[in-house]
Amino acid sequence: MRGRFAALLGLPLVLGAAPQESADTVAPLVKSAAPDEVAVTVYRSPYGSGAGALNLQWLNGFALITEMRTLHLPAGPATIRFEGVAGGIVPASAIISGLPGGVIEKNRDERLLSGAALASGYLGRRVTLTRTDRASGRRRTQDAAIVAGPAGGVVVRTPDGVEALGCSGLAEAPRYPSVPADLTAGPVLAVSTNSSAARTVTVTLSYLTSEFDWSASYVATMAANGRTLDLFAWLTLANGNAESFPAAQVQAVAGRINHRDERFRVFARPLQLSCFPLGTTTSDLPDRTAEQAEASEDIVVTGMRIMEVSMPAPPLVEAPPPPPPPAPESLGDLKLYRVPERVTVNARGQKQVALLARSRVPFQRLYRSTLSPLAIVPMSPSSIVLRLDNRADAGLGIPLPAGSTTLYAQRGREKLLVGTGDLSDKAVGETARIAAGQSAQVLVSQSTPERDRGKVTVTNANPFAVFAEIAVRAPPANVRASASLVTVDGLPTWTVSVPANGSRTLTYTMRN
C-alpha cells in the first residue's frame, strides 16, 4: 500500500442514473415519484411557548402529511415505492387508503445514495479511477476494484498494486458504472399489495413526520388617536426536512396535544478518508483543495452530467393581493387555522403567511406589575401594557395562538417601535395584553409592616390620571385585601385609577 490515507476528503456525488432493478425481483415494482396533491398540517412543539424563534436545526413540532397519488397497478402482487416522502416520516403512522388489494407489508427504505453508500455498494466490484499523472500532470483513467471501505478509507486494487484512494497527493476520483438497485436518492416508503386486475387508482397516503414547527408573530400599530390599533399576525412555518412540498394546502393547529417525540431521520453518510501518519515526505505538497473540488465534479454515473443552462429572468407580474385569512375552526379543544391559498413548503426553510388581521381594535392602556406576596420591593418602574378584550363587540372575538408581539406607534407617515413581548394562548372572552415598554413615571413599591401583611404603593408622576393593575402571585383564596380584587389570568389583581401627580395604597393579608 502506498501513500497515506487522504485527510478528511468528502467526495460529493452527482445524481442522475436511475437505480438498476434486481434480476431476482419477484413482484413488479411500481414507482410513484411524487404526489399529485399534498396537504401539510403543522402542529406546534408541545414543549414550547409558541413565541420564540424557530431553530431549523432542532424543531420539536411535527406535521401530518396527506398526499394524493395516481398509481398504475398490474394484476397480481406488486411492490409500490412512494418516493419523495419526508425524511422524518414515522413509518408506523403511515396510512394508505384506496389500494384495491390493501397493504400486505410496509417498509421504510433507509439506504440513501451518498459517496459512502456507493463505495460500500461496489465492494469487490470494478470502478474507473480518474487521476492526475504525477510525471506529466495530465489526467488519465484506469480500471480499479474496491477491496475495502468505506469506513476510515477506501482501498483499491489497480494494475499498479493495492493503495489507499486519495492518498497520492494529487486529484483523483472514482467513477461508478451505475447506481446499485438498493440505493435511493431520497427517503422511500415501500408497500406490498395484490390487485385482482390491472387498473389505475388514486390512493391517499397520510403519515406523521418530525422536524416541523410553527409560531405566530403579532404586529400591532397604534392609531394616532391613542385609542385603537390595527392587529396583524404572521404564521411562521418551519420545515427542517430535506424535502419540499410544492403547492401544498397548509394548515396550522394551535393547542397542546399528547405527543411522543419520534425521530426516524436517516442521513446520507459522506465519504470521509483519513491519512496517516502525518509529517511524511509528502506532507509539504501544495494545497490541492481546488483540484480536488474540480475532480469531484467527475464523480458521476457513466453518461450523466449536470448541465447549467442560463435562463432569462421571467417578467415581473404584479400579483393580486392575497385573500383575507379565514377565521379559525374548532378541532375539539384545539384550533385549526387554514392558509387560504396553496403555498410551497420549502426544504430546510421558513415561510410566513397571513394568519389573522383586525382593524381599529380598541384598547386600554394599563401600568402593570406582578408582585410576589410579602416580598420587599423598592420603588420600581411599572410595565406598560395595552389591554384588549377578546370579544367580537371589542373588535376581536377570535382565538389568539401564542406568539411574539411587536408594537408600533403611528406618527404621521412614520411608525416608531414602542415595545416587544410575548402573548400566551388566548381564547375568546379572555384578556390579551401587548407589551409597550416600561414607565419611569408610574412606580410601584411593596413593604411588609407585619409578618403576614403586605402594603403596595403606586405613584403617578404624570399630569393625568392612569390605570394601574397590580397582581399578587398567590392563589386568590389566600389573599384578603383592603380593596376589591378580581381574578385575572388566575391571579388576584387590583385595578385602580391613580390620580395625576398622586398615589394609591393597597394593604392585604396572606392567610393559609
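L229 touches A220, T221, M222, A223, S359, R360, V361, F363, L386, L388 and I434, leaving out residues up to four places away in sequence; here a contact means heavy atoms within 4.5 Å. The model is predicted, so local features need pLDDT of at least 70 and side-chain atom pairs count only at pLDDT 80 or more, while totals for chains, interfaces and linings use all residues. Residues are numbered from 1 along each chain as its sequence is written, and side-chain values use heavy atoms, with hydrogens and water left out.

**Nonpolar cores**

L229 is also one of the residues, with V40, F82, Y207 and F245, that touch the most other members of the largest nonpolar core, which has 79 residues. A nonpolar core is a set of buried Ala, Val, Leu, Ile, Met, Phe, Trp, Tyr and Cys residues joined through side-chain atoms within 4.5 Å. Buried means under 20% relative accessible area, exposed means over 50%, and partly exposed lies in between (1.4 Å probe, protein chains only). Strand β13 (residues 199-222) gives the most to this core, with 10 residues. Strands are DSSP runs of E with at least two residues, numbered from the N terminus. The core lies between domain 1 (1-110 + 177-226 + 236-300 + 316-347) and domain 3 (363-390 + 430-510), because both give residues to it. The domain bounds come from an automatic or database domain assignment. A second, separate core has 7 residues, including L129, A144, V154 and L165.

Two strands pair if DSSP finds at least two bridges between them. Angles run from 0 to 180 degrees between N-to-C directions, with axes fitted as lines to C-alpha atoms.

Another open sheet has 5 strands in the order β10-β9-β8-β7-β11, with antiparallel pairing. Its edge strands are β10 (161-164) and β11 (172-175); each has a single partner strand, so one side of each is left without a neighbour in the sheet. Here the twist averages 40° from one strand to the next.

| Strands | Direction | Bridges | A bridge pair |
|---|---|---|---|
| β8 (residues 139-148) and β9 (residues 155-158) | antiparallel | 3 bridges | A148 and V155 |
| β20 (residues 364-371) and β21 (residues 377-389) | antiparallel | 5 bridges | R368 and S383 |

**Single residues**

T41 lies in strand β2 (residues 37-43). Is T41 buried or exposed? T41 counts as buried because its relative accessibility is 9%. Its side chain makes a polar contact with the side chain of Q251 at 2.7 Å; such a contact is a pair of N or O atoms within 3.5 Å, and within protein one must be able to donate a hydrogen and the other to accept it, while residues adjacent in sequence count only if both atoms are side-chain atoms. Apart from neighbours within four places in sequence, T41 is in contact with F62, A63, L64, Q251 and V253.

E211 lies in strand β13. Its phi is near 65°, a positive value in a residue other than glycine. E211 is buried, with a relative accessible area of 11%. D489 is found in the loop between β28 and β29 (491-498), and its phi, near 55°, is also positive in a residue other than glycine. With a relative accessible area of 47%, D489 is partly exposed.

Technical notes: Helices (H or I, at least four residues) and strands (E, at least two) are DSSP runs, numbered from the N terminus.
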